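Here's a quick walk through a protein model, with the sequence and coordinates alongside. Keep the viewer open and follow along.

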Amino acid sequence: MRTTAPPRRRTPALVALCTALFAIAFTALAAGPAAAGPAGAARAAGRSHAHAAPAFTAVAHGVPARPAPPSSPDPSLQAHPLASAPGPLDNPLKGFATYYSPGSDENSGYPHSLQWSYFGLSEVMTDPNDCGSYNWSVLDNALDEIASYGNQAAIRFYMEYPGGSGTHPANAIPHCFDGHVTYRANTYWGTTSPDYDSPYLLDAVGRFIAAFGARYDGDPRIGFIHMGLVGLWGEWHTWPYDTDTTGDSYPNYMPTDAHAAQIIRDYDNAFSKTKLEVRYPGSGGGAANNLDVGYHDDSFCYREGSPLAGVTLPQSLSGASYSQLQADLNEGTENKWITDSMGGEVRPEIQSSAFSSWPGGSGQVDDMKACIELEHTTWKIDQGSQSYSPTDPNVGAAVRLMGYDLGVTDAYFKNTASGTATVGVHITDDGVAPFYYPWTVSLGLKDSSGHVVRTWDTPWDLRTVMPAKIRAFPDWGVGQDPTYLDYGYPQYFQTAVDLSAVSAGSYQLVMRVKNPLEAVSAAAKKLRFANATQSADGWLGLGAMTVGSGGTGGPGSGSYEAEAAGSTLTGTAVVASCSGCSGGAKVGWVGNGATVTVHGVDGGSAGGTAAVTVHYASAETRTATISVNGGAATTVTFPSTGDWNTVGTVTVNLGLAAGSGNAITIGNPSGWAPDIDRITVA
């Protein structure tokens, strides 16, 4: 339940009231999908993933079948064991989310990579005369600021917010509804509830969801979307004006199941990439059970009532009959985490003490480790985490357990390779959930100076790496609690890489996972592995590799892309697309002080003069300076190639040092240089 925006402050009276409301709410939920409770009688909505893992199909609850075991490494490859190390605390798309506060330091407090924010529907649907007109600036501004700190957002839209958030309105019903939709007073909370069954509202909301998905589905700035829009705080409840009208005089303000299902279908049609979450398992008459949609427990690991009972853990672990995981068991969806994220919020009343008694609980804090393991928690809103110490071992253990915790046990490749080489890795997951997005995994080579000189994208899908162990529900009858079952295997991935353009020499084979947010923000948090050879730049060291048989005494040969990840760009220099360039990219806006430096150029075992050819594009004749290893620069004229996508070449003799550590810098201190595609050495 939401009572105010951050900082979260609740008076004792309000806490008592919320406790009572949640008890009523969950009791109503336990009565069946038609009974709505104040903590969110959520009518769940989900969507299928055309490109993602198969959508979950609800079955009778019980031990999930293990995934098929992976293939074995190529026996001709040499194994390179990797040492483990604690995973980072701010890995993307997991752990704690803090409230977004415009203009503040969004990386303050405990390390995190997620931020949570509400938005009023009226802040986007701003035209009082046109419900089909949208102004997305309030959302884009927030997403841009959150991304500038390297974080991703978790968001929700609403129409009713008691008291407002301070930065977003209390009444967020778009004025284009005026005169078309009946408004009703929720006198208990002082809000205005629109008629959620209004055909006009349903049509407008459906068109909004479609536009929302068309613009933001797959947006790298967004990690998770909670489907709000209905009810107080967008939590899909209107308590006490809800479907449970027995014993009170309050009419029902919730939409019918049929109309809730209509909104569900709208979301299902609009989003196929970004992960969605809803409040309860089995809501909407079970409409979400067979959809690709996660859950959002916003009273996570809290205990209430007399005697105290958990509102997350099931009855078999002293939970209440209306608890989140009991509802999961009732619906047969306790294994839905296999494909869908589990989010929510650490109940605000316990945030300050939630991890003090880790791994168990105390007082109103339930067994936190059991809550995380049985829900398979990926992320939780926790504004109180801003006061946690980053060295608190209890909090660190909890955060690393949440979501994925990936590590590489072994890399497989030949120590000396040339031409086409095979590379494999074994990846394990010591967390409670898989990684849910198809982020690109890349391999690369670092030279002796630590510069990445060549990269290859792989087809590897991290979503197939499942947790090695899962905790059994006592209800499964497979042992006393806690019982841990083998589940995921060390997933094996293998691919071929082309070394033909790599100069002979000694390298470090590396691997990284590309966060799509990097295309928007240079500060994007890197997905890092729980290994001792993991670098802060995102690259994981897999072991040493020698390419070729070594030099012949003079400079070696090879091709070096200017836009490669290991190149250094200064000033205005930037990677740009180029239809005529190798790899489809180049480095543009070089000159007027801006430079591009290509690293890892091979000078052979003895060094010497080499013919270095610069491949470039320029719609006009330009000059540039070329220097090696910071030495004296040579000025070279580059004739026009006719346009900015046609590539020409200019060759210059340069003195290279022995080895693969040469760096060639191209620039122009007082004018523009051509755009640089690549450098070849013959």
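N186 sits across from T191 of β6. The pairing here is between β5 (residues 183–186) and β6 (residues 191–194), an antiparallel couple held by four bridges. Two strands count as paired if DSSP finds at least two bridges between them. Strands themselves are DSSP runs of E with at least two residues, helices are runs of H or I with at least four, and both are numbered from the N terminus.

## What you're looking at

This is a predicted model, where local features need pLDDT of at least 70 and side-chain atom pairs count only at pLDDT 80 or more, while totals for chains, interfaces and linings use all residues. Residues are numbered from 1 along each chain as its sequence is written, and side-chain values use heavy atoms, with hydrogens and water left out.

On pLDDT (the predictor's confidence in each residue, from 0 to 100), the protein averages 88, and 90% of its residues reach 70 or more. Residues 1–60 stay under 50, and the model has 193 contacts for them beyond four places in sequence. Residues 550–554 are also below 50, with ten contacts in the model beyond near neighbours in sequence. Contact here means heavy atoms within 4.5 Å.

## The five-stranded sheet

In what order do the strands of the five-stranded open sheet run? The order is β25-β28-β33-β30-β31, with antiparallel pairing. The edges belong to β25 (568–569) and β31 (634–638); each has a single partner strand, so one side of each is left without a neighbour in the sheet.

Inside that order, β28 (residues 596–601) and β33 (residues 662–667) pair antiparallel over four bridges. V596 has I666 of β33 as its bridge partner. N629 lies in the loop between β30 (622–628) and β31. Its phi is near 55 degrees, positive even though N629 is a residue other than glycine. N629 counts as partly exposed, because its relative accessibility is 41%; the cut-offs are under 20% relative accessible area for buried, over 50% for exposed and partly exposed in between, using a 1.4 Å probe and protein chains only.

## Two helices in contact

Two packed helices are described by the angle between their axes and the distance between the axes. For α2 (residues 137–148) and α3 (residues 199–216), the axes come within 13 Å and cross at roughly 35 degrees. Those axes are lines fitted to C-alpha atoms over the stretch in contact, with angles from 0 to 180 degrees between N-to-C directions. The crossing is right-handed, meaning that the near helix is turned clockwise from the far one by less than a right angle.

The α2 side brings L139, D140 and L143, which meet F212, R215 and Y216 of α3. By class, that contact splits into four nonpolar, no polar and two charged residues. Nonpolar covers Ala, Val, Leu, Ile, Met, Phe, Trp, Tyr, Cys and Pro; charged covers Asp, Glu, Lys and Arg; the others, Gly among them, are polar.

## Around α6

Why is α6 described as largely enclosed by the rest of the structure? Six of its eight residues are buried, namely Q324, L325, Q326, A327, D328 and L329. Just past the helix, G332 has a positive phi of about 75 degrees.

S323 counts as buried because its relative accessibility is 0%. Setting aside neighbours within four places in sequence, S323 touches G310, V311, T312, L313 and P314.

Another cis bond runs from D481 to P482, omega near 0 degrees, and P482 lies in the loop between β19 (469–471) and β20 (484–486). W236, a residue other than glycine, has a positive phi near 60 degrees, and it counts as buried at 1% relative accessibility.

Finally, A68 is in the loop between α1 (12–31) and β1 (78–81), and is exposed at 62% relative accessible area. The C-alpha atoms of A68 and G488 are 8.8 Å apart, with 420 residues separating the two along the chain.
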